Each structure stands twice: as C-alpha cells, then as structure tokens.
Amino acid sequence: MEQYAIKGGNPLVGEVEIGGAKNAALPILAASVMTDDTVYIENMPDVRDTNVLLSAMSNIGVMVKREGRHSVIINASQISNLVVEDEHIKKIRASYYLIGALLGKYKHAEVALPGGCDIGCRAIDQHIKGFRALGAEVVIEHGLIKTNAEHLKGNHIYMDVVSVGATINVMMAAVLAEGATIIENAAKEPHVVDLANFLNSMGANIKGAGTDVIRIKGVSKLHGSEYAIIPDQIEAGTFMFAAAVTKGDVTVKNVIPKHLESITAKLLEIGCEVEEADDCVRVVASKPLIHTHVKTLPYPGFPTDMQPQITVALALSKGTSIVTESIFENRFKYVDELTRMGANIKVEGNTAIIDGIERYTGASISAPDLRAGAALVMAALAAEGFTTVDDIRYIERGYEDFHLKLQNLGAQIELVDTERELQKFKLKTG
Ligand code: EPZ
C-alpha cells in the first residue's frame, strides 16, 4: 500500500510553483459541457478529483482530449447520455456540478448523489431549492438526483446558508434559463468568481460574482472559449503554513496574493514574516511561533480548507490557541493522529483548544481526508524522527505532486509502496 515516508527536521527552503485551483477546475470542467462548441482549458491541475470528473464526462459521450499535463480540449456536442452513474463519480462531491450544467443545457439530468462523509454532513437542500425555484422538478431515487424541466425560468433565490456548491450549481442552470435570476447570500470564493468569468467568456451574462448578490440574465446559447484556471488558494496556503511549521523560508509562486489575505494575516499574527509581490508570496519563519485564535468562515474569512494546516502550526506555538470550525461539523478527525505525534489538543464540539508543545515526534498515522492529510504531512516534516502517512489517496485528490514539490524544498519525503522501500528510506535518511 502506498504511503509517504517522512523524516522530519529539515526547514523547507526555496521556491514552489502553485498549480490551477482544484475547486475552480471542477465547476469549469462541468460547465464546459454547456456549449456544443469546443472549449480549451489551461492551468488545469492534474489531481484525482479532476481526472475522475473528466472520465465521467467522457463516459457520457463528451470528447475530452488532453494536451500536455495541464490543458484539455472539451467538446460536448455528441453527449449520448444524461445519466451520470460512473462507479467513481459518487466518490467526488463535485459530481453534482454536472446536474446544474446538464439541467441548464438539456433541461434534464440524472447524476449519482455523492456519498461519503469525511468532514461532516454535506446537505444539498440549497441546490435543490435553487433548481426548483428555476422551475425544475427534482427527486432523489435509487442513489441518483434526477432533475427535469419543461423550461427553466429565472427567479429570485435567497440562499439560507452560504454555499459554494449551491451558488455554483444554481448559477450554471440559471445562465441558460429564460429571464433574470438573482442569487442572494451567494458564496464569494475566488472559484465562484472564476466560474462566472469562464461562463461570461462563453457568452453568459453574470454580474456581481464575488459579492453576495449575483445577477444573471439568461441567454439562449453559450459558445466556445479558451480559459486559464486561477491558481489554487489552498495549495498556496498549505505551502505557506508548511514554511511556518518547519521554520523555513519559502517563496510560493504563481499565486494571487489578494486571495491569500486571510492566510497571510494569520501567519503575521503568529510571528512569521510575509513578503508579497505581484504573483508570489515569501514566508519566513525565523522566530518561535506565537499562539492565536481563528474561526473558519466563508470567503473572505479564514478558509475551512486551511483549518487543519493552521491547527498544526498552532500546536507548535507558544501559549493557548482556540480554533473554531464554523463550516463543517466533523473536521477535527485528524486531531487524534496529531495527538499521537505529541500534540496537546482538546476538541469540544466545533472548537479545538490547543496548548502549544515544543515539537512533534514521528509516528505511523493515516490521512482522514484531503486537507487534514496534507496538514499531517506538514506535522511530520516538523517532527523529530520518522513518520509514515497512510491513505494518501485523499491527499492525491487535491495536491499535484505533493511529495515532489516538498522534496524540492528540501523535505525528506518519499512515496513508498513496500516494507523494503520503507526500510531503504530509513537507512538512507537515518
Ligand atoms: C466546497 O464544498 C469545497 N469543495 C470544499 O473544499 C470547501 O471546504 C467548501 O466548499 C467550503 O469552502 C469544492 O469546491 C469541490 P458548501 P461544498 O456548500 O460546496 C452547508 C476541499 O478540501 N450546506 O459551501 O460542498 C454545508 O453542510 C473541499 O477542497 C447546506 O446546509 O461546501 C456546509 O456546512 C472539502 N445546504 C456549508 O453549507 C446545502 O445545500 C458550506 O458548504 C449546501 C451546503
């Protein structure tokens, strides 16, 4: 079984190039089926989630042609099936973006409901409410979410919770509805804006993405486009915090510093230096880390997808810190693993109370989900001794070449598949 073998203790030093944003790529790939013209997407991350979505698209008759590792040409003029029931698709949340995209274009879609619940209950009531408001019938049967409409008609929709997924899904369907749609209490994440920009580049009429009111005027048809996906805010933030926990000096390149403001603010608070340039940020951690408090919030607040990474840093910071998770109710599962590495963290409901320790010690641990997996690798890089991290398939869902990028920064980390390879790594780094 593949796992990461890590020998901790090296500060991360150097430069790392950030890829395209997974959470922008997923809706953009789904939205590319909304035209019969050809769409060309660049800066696509080569990660498991995007690959699963592309293969599900291919299975319903979408032409998917890769050009190199990070570009893809998509043509959906020959879609043969509006039922997406691929065996892998229910393993990724973003499968449901095909509902909004196919419903918008064909007024009908049946997509396997995403299963699994790694970070908490993930309701879809707001997606359904939005589709119904646009005139679609929605039923859930035999593990599929089935939507159907005579025609879609714009409406005024107030989201009860700020939801990235529901904002994106309803926006896609509304683009090809008759008349105007207003989505209030919309999510403002950079990937919501990126999708709106992509749809506008295909001829959609969307205004206000990035604010909490999105106004859409329906158009009858979308056309082809060439589009480059924005850099990944969370991959960038992960490397920024990896610099902090390993007392390193890392320049994170190809980023949009504005998207990283809440992350930068916390790094400054805990005693790191952060230098910003046009498209890169440098994080230097030369002093002991200081405790702070943080609460996860929708953008522009501190992202829930960075909660495990900041917790790993705060567990090494002097004093007591409090982390409050306000988006998902079960996103502290990794704390047990961190405790096995010596962390002193008590979780009560959606709050973690952290008493800083001097250092982690290596252990055999498992990644419980994507971001927590990356955060545990960071802890291992800062730890004394060896760590093995299992279940790295979660990490591969959203980080391209994670261990190779870390190796480039001086980390002692390898992907090993057998006990023999692990022993070899231990001998080499021992
Ligand atoms: C997206 O998930 C991201 N996934 C998640 O990233 C991210 O953690 C999350 O947004 C929050 O930023 C993708 O973009 C593919 P939500 P999503 O709908 O859209 C509740 C990662 O690590 N809610 O914004 O599923 C929900 O239960 C992943 O890359 C409803 O109540 O999240 C949650 O408490 C993990 N009803 C809150 O809203 C609904 O209909 C936010 O969820 C929808 C959501």
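1. Two strands count as paired if DSSP finds at least two bridges between them. Helices (H or I, at least four residues) and strands (E, at least two) are DSSP runs, numbered from the N terminus. On these terms β4 and β5 form a hairpin with three residues between the strands, and Gly68 in this hairpin takes a positive phi near 75°.

2. The model is predicted: local features need pLDDT of at least 70, and side-chain atom pairs count only at pLDDT 80 or more, while totals for chains, interfaces and linings use all residues. Residues are numbered from 1 along each chain as its sequence is written, and side-chain values use heavy atoms, with hydrogens and water left out.

3. Domains. The assignment gives domain 1 (3-18 + 231-429) and domain 2 (22-228); such bounds come from an automatic or database domain assignment. The centres of domain 1 and domain 2, taken over C-alpha atoms, are separated by 31 Å. Across the boundary, 26 residues of domain 1 are in contact with 23 residues of domain 2, where contact means heavy atoms within 4.5 Å.

4. An open sheet of four strands runs in the order β4-β5-β3-β14, and its pairing is mixed. β4 (63-67) and β14 (225-228) are the edge strands, each pairing on one side only. On average, neighbouring strands of this sheet are turned by 15° against each other, direction ignored. Axes here are lines fitted to C-alpha atoms, for helices over the stretch in contact, and angles run from 0 to 180 degrees between N-to-C directions. Helix α2 (residues 48-59) packs on the sheet and touches β4 and β5, with its direction at about 140° to that of β4.

5. Within β5, Ile74 is the residue opposite Val64, and Val72 is the residue opposite Arg66.

6. A further sheet. Another open sheet of four strands has the order β6-β7-β9-β8, again with mixed pairing. Its edge strands, β6 (83-84) and β8, each pair on one side only. Five bridges hold β8 and β9 in the antiparallel sense, with Glu137 opposite Asn148 in β9. Helix α3 (residues 97-106) lies across β6, β7 (108-112) and β9, at about 165° to β7. Helix α4 (residues 125-133) lies across β8 and β9 and runs at about 145° to β8.

7. Backbone points to check. Most residues other than glycine have a negative phi, and most peptide bonds are trans. His142 has a positive phi, near 50°; His142 sits in the loop between β8 (137-141) and β9 (144-148). Tyr299 and Pro300 are joined by a cis peptide bond, with omega about 10°. Pro300 belongs to the loop between β18 (293-295) and α9 (307-314).

8. The hairpin of β20 and β21. Strands β20 (residues 344-348) and β21 (residues 351-355) pair antiparallel over five bridges, and Asn344 has Asp355 of β21 as its bridge partner. Two residues lie between the strands of this hairpin, and Gly349 in the turn has a positive phi of about 60°.

9. Cavities. On a 1 Å grid over the protein atoms alone, a cavity is a set of points where a 1.4 Å probe fits but cannot get out, and a pocket is an open set with protein on both sides within 12 Å along at least five of seven lines; lining residues have an atom within 4 Å of a point. Grid points are joined across faces, edges and corners, and a volume is the space filled by probe spheres set on the points. Helices α1 (22-31), α6 (190-201) and α7 (233-245) each supply at least two lining residues. The largest cavity lies between domain 1 and domain 2 because both give residues to its lining.

10. Ala, Val, Leu, Ile, Met, Phe, Trp, Tyr, Cys and Pro count as nonpolar, Asp, Glu, Lys and Arg as charged, and the others, Gly among them, as polar. The lining of the largest cavity has four nonpolar, three polar and three charged residues. The second largest pocket has a volume of about 330 Å³. Its lining has 16 residues, of which Lys247, Leu316, Ile357, Glu358 and Arg359 lie nearest its centre. By class, this pocket lining has seven nonpolar, five polar and four charged residues.
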